[in-house]
Amino acid sequence: MSSDNLKKTPLNAAHRELGGKMVDFGGWDMPVQYSAGVIEEHMATRTRAGLFDVSHMGEIWVEGPDAVPFVNRLTTNDVTKLVDGQAHYSALTNEKGGVVDDLLVYRFDQDKLLLVVNAGTTEKDWDWITSHKKDENISLTNASPDYCQIAVQGPEAIGILKTMTDTELDEIKYYHFTMGHVDGVESIISRTGYTGEDGFEVYAAAKYARQLWDKLLEAGKSVAILPCGLAARNTLRLESAMSLYGHELSDEISPLEANLGWITKLQKGDFIGSDALKKKKEGGLTRRIVGFEMTQPGIARDDFDVYIDDKRIGYVTSGSPAPFLKKNIGLAFLPVEFANDGQEIKIDVRGKRLSAKVVPTPFYKREK
Amino acid sequence: MSNIPENLRYSKDHEWVKVEGDVASIGITDYAQHSLGDVVYVDMPRVGDKFGTHEAFGSVESVKAVSEIFTPVAGEVLEVNDGLNDTPEKVNSDPYGDAWFVKIKMENTGEADAMLSGEEYEEYLSANA
């Protein structure tokens, strides 16, 4: 299998040296796992530390006097509530209230915001954002190739990063960030992640990727840090019931249906899709994402059908074994009348209807 | 490089067969378990089930993927390795030993003889994998 026509992060060679099993992930040549395997990688992140190359994510700068009102008009969360050095989770929505992408919005100051978007949708988002600019006084820059992004996640992440920076990491609150130096490299140090654990995401110039990656692995050796691939990234986010674009979110799925009412600030004023979302909310949702666990041996996978009494009522958006919980879990789209904890459902596993039940999410929540 | 014992017969679907008289133990190869990754679940047939040559008799699932297992030889299931229900990870750690899946009473022992030898399987892997 040739990877010649795939995009590569600056850490591609490092992944191969570490025994990464490389796959095509939305046009990117990425490690799905390393030699330790997905279960070890998952457990390392839950109990010690895991290191993730997320340099494929997209970075878009919005700069100028109208940066805040512009992003506020395109996204669901309330950008006016962000203070300097704070970030929030949000969604770009279309006129129908569907999700163009989910993203993080970082506020550096009132004239400077950074949008961090999904890898596979970076170009789509860039087209969407640039084509929806009206007369706002801003400049837009797609800086994705300029940056590497490395996530160090898990209970030991802060201790590892402390050995490489003078920045007071304890002072950075969850979903806050600061500019600092990591191993002497100018970086954005952000207390964010996609694993359900405490941890940091470090953004730096792409040319320093290898230096930071190697030094983080070295610094994490004493706690047996493991490099983690996309498979562990997926099982970690799924145990934490975080959405994955293309699964729980899409152009056809509204954030309300995906349990993202908490980032959908309908009172903040008009934004693209706000009218459609208000109507959906007033009319009542017809379907939403729920968590489920299998109550019979068997594993539900993405796109499997969900049944009650021989009637197909929905489908699995993400399904997988959960390595830390040691259960087979998933997220599914169900009509709201069946979206209640304890509801018994059947999942069609390659022709066999296996029992499962709706359970509260997140499946996993770390102890504070 | 994959571990390929010489005393077994192999299929191009990466199953191995160990022949004792007219009984064949069947499992998946080291190469197959390595490609799958961490095995977390094994779905098996019942004793008495009958399968034709190259028919799927069960499946093996890793965190990321599911793969059907085919019997290279036709026959009736005599014994099922129930231990794998509790310790599916043995498929990774001991693919040729503890992690046999089923024992099948072969209809035609010639089918096992016609399978690849260890050497032939190794050549097949280096040419195709």
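User: In which segment of chain A is the place of A:P362?

Analyst: In this predicted model, a cis peptide bond joins A:T361 and A:P362, with omega at about 0°. As for its location, A:P362 has its place in the segment after β19 of chain A.

User: What is the phi of A:R350, a residue other than glycine?

Analyst: A:R350 is found in the loop between β18 and β19 of chain A, two strands that form a hairpin with 2 residues between them. With 13 other C-beta atoms within 10 Å, A:R350 is partly exposed. Its phi is positive, near 45°.

User: Is A:Y175 buried, exposed or partly exposed?

Analyst: A:Y175 is found in the loop between α5 (157-162) and β10 of chain A. Its phi is near 60°, a positive value in a residue other than glycine. A residue is buried at 20 or more C-beta neighbours within 10 Å and exposed at 12 or fewer. A:Y175 has 16 such neighbours inside 10 Å and therefore counts as partly exposed.

User: Which strands stand at the edges of the open sheet that includes β10 and β13 of chain A, and why is one side of each left without a neighbour?

Analyst: The open sheet has 6 strands in the order β10-β11-β12-β9-β3-β13 (chain A), with mixed pairing. A strand at the edge has a single partner strand, so one side of it is left without a neighbour in the sheet. The edge strands are β10 (177-182) and β13 (226-227) of chain A.

User: Which residue stands opposite A:V152?

Analyst: Strand β9 (residues 147-153) of chain A runs antiparallel to strand β12 (residues 199-205) of chain A, and 7 bridges join the two. The residue of β12(A) opposite A:V152 is A:F200.

User: Within what arc do the buried residues of α4(A) fall?

Analyst: The buried residues in helix α4 (residues 122-131) of chain A include A:T122, A:D125 and A:I129. An α-helix has 3.6 residues a turn, so residues three or four places apart point the same way. Seen down the axis of α4(A), its buried residues line one face of the helix, because they fall within an arc of 65°.

User: Which exposed residues are carried by the face of α4(A) turned away from its buried side?

Analyst: The buried residues of α4(A) are covered by elements of chain A that include β4 (58-63), α3 (67-74), β5 (86-93), β6, β7 (112-117) and β8 (139-142). The face turned away from the buried side carries the exposed residues A:D127, A:T130 and A:S131.

User: What is the radius of gyration of chain A?

Analyst: Chain A has 8 helices and 19 strands. Its C-alpha atoms fill a box of roughly 60 × 50 × 45 Å along the principal axes, and buried residues make up 49% of its 368 residues. The globule rule gives 21 Å for 368 residues, and chain A is close to that, so it is as compact as a globular protein of that length. Its radius of gyration is 21 Å.

User: How many residues of chain A are in contact with chain B?

Analyst: On the side of chain B that touches chain A there are 4 nonpolar, 1 polar and 3 charged residues. These 8 residues of chain B meet a set of residues in chain A that numbers 13.

User: How far apart are the C-alpha atoms of B:D49 and B:V17?

Analyst: B:D49 lies in the loop between β4 (39-43) and β5 (50-51) of chain B. With 16 other C-beta atoms within 10 Å, B:D49 is partly exposed. B:V17 is 32 residues apart from B:D49 along the chain, and their C-alpha atoms are separated by 18 Å.

Key
Residues are numbered from 1 along each chain as its sequence is written. Chains are lettered from A and ligands numbered from 1 in the order in which they are written. This is a predicted model: local features need pLDDT of at least 70, side-chain atom pairs count only at pLDDT 80 or more; totals for chains, interfaces and linings use all residues. Two strands pair if DSSP finds at least two bridges between them. Helices (H or I, at least four residues) and strands (E, at least two) are DSSP runs, numbered from the N terminus. Two residues are in contact if their C-beta atoms, placed from the backbone, lie within 7 Å. Ala, Val, Leu, Ile, Met, Phe, Trp, Tyr, Cys and Pro count as nonpolar, Asp, Glu, Lys and Arg as charged, and the others, Gly among them, as polar. The radius of gyration is taken over C-alpha atoms; the globule rule is 2.2 Å times the number of residues to the power 0.38. The arc is that of the directions from the helix axis to the C-beta atoms.
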